[in-house]
Amino acid sequence: MSIQEITSADFEEVVLKSTKPVLVDFNATWCGPCRMLKPTLEQVAAERPDVTVVGIDVDDNSDLAGEYGVFSIPCLVLFKDGMEADRSVGLVPKEAVLDLLG
């Protein structure tokens, strides 16, 4: 699987109602560390079919960023059963992303 880009309109259906864990990457196109993290997230998405990986542009979806307290990007938020289970802020190595997933 690859990273699915979603918007505020898709968020409830794709993230909150998902039956499997969802890793949400809050990012922006102008953010260098976000661009550096994307290949790692694509690897994780390919290797972990048990987790859905989605991306959300904070500039286009500032309502979601505000609702979930995203003040620094990249910000990875893991959702399980519609609730935030864990989060990581900043550029992290693949091992840290995998640790976040448990």
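Colleague: Leaving aside neighbours within four places in sequence, which residues is Arg48 in contact with?

Modeller: Contact means heavy atoms within 4.5 Å. By that rule, and with neighbours within four places in sequence left aside, Arg48 is in contact with Leu98, Leu101 and Gly102. This is a predicted model, in which local features need pLDDT of at least 70 and side-chain atom pairs count only at pLDDT 80 or more, while totals for chains, interfaces and linings use all residues. Residues are numbered from 1 along each chain as its sequence is written, and side-chain values use heavy atoms, with hydrogens and water left out.

Colleague: Where is Arg48 found, and with which side chain does the side chain of Arg48 make a polar contact?

Modeller: Helices (H or I, at least four residues) and strands (E, at least two) are DSSP runs, numbered from the N terminus. Arg48 sits in the loop between helix 2 (32–47) and strand 3 (52–57). A polar contact is a pair of N or O atoms within 3.5 Å; within protein, one must be able to donate a hydrogen and the other to accept it, and residues adjacent in sequence count only if both atoms are side-chain atoms. The partner here is the side chain of Asp50, at 2.8 Å.

Colleague: Which residues of helix 4 are buried, and which are exposed?

Modeller: Buried means under 20% relative accessible area, exposed over 50%, and partly exposed in between (1.4 Å probe, protein chains only). In helix 4 (residues 94–101), the buried residues are Val97, Leu100 and Leu101. They line one face of the helix, because seen down its axis they fall within an arc of 100°; the arc is that of the directions from the helix axis to the C-beta atoms. Glu95 and Asp99, on the other side of helix 4, are exposed. Just after helix 4, Gly102 has a positive phi of about 80°.

Colleague: What covers the buried residues of helix 4?

Modeller: The cover includes strand 2 (22–27), helix 2, strand 4 (75–80) and strand 5 (83–89). Helix 4 lies across strand 2, strand 4 and strand 5, at about 25° to strand 4. For such angles, axes are lines fitted to C-alpha atoms, for helices over the stretch in contact, and angles run from 0 to 180 degrees between N-to-C directions.

Colleague: In what order do the strands form the sheet?

Modeller: Two strands pair if DSSP finds at least two bridges between them. Here 5 strands make an open sheet of mixed pairing, in the order 1-3-2-4-5. Strand 1 (4–5) and strand 5 are the edge strands, each pairing on one side only. Strand 4 and strand 5 pair in the antiparallel sense over 6 bridges; the bridge partner of Leu76 in strand 5 is Ser88. Helix 1 (residues 8–16) packs on the sheet, touching strand 1, strand 2, strand 3 and strand 4, and its direction makes about 150° with that of strand 2.

Colleague: Why does Val22 count as buried?

Modeller: Val22 is in strand 2 and counts as buried because its relative accessibility is 0%. With neighbours within four places in sequence left aside, its contacts include Val14, Val54 and Leu78. The C-alpha atoms of Val22 and Leu78 are separated by 5.8 Å, although the residues are 56 apart along the chain.

Colleague: What pattern does the chain follow along the sequence?

Modeller: The pattern is β-α-β-α-β-α-β-β-α, from 4 helices and 5 strands. Of the 102 residues, 46% count as buried.
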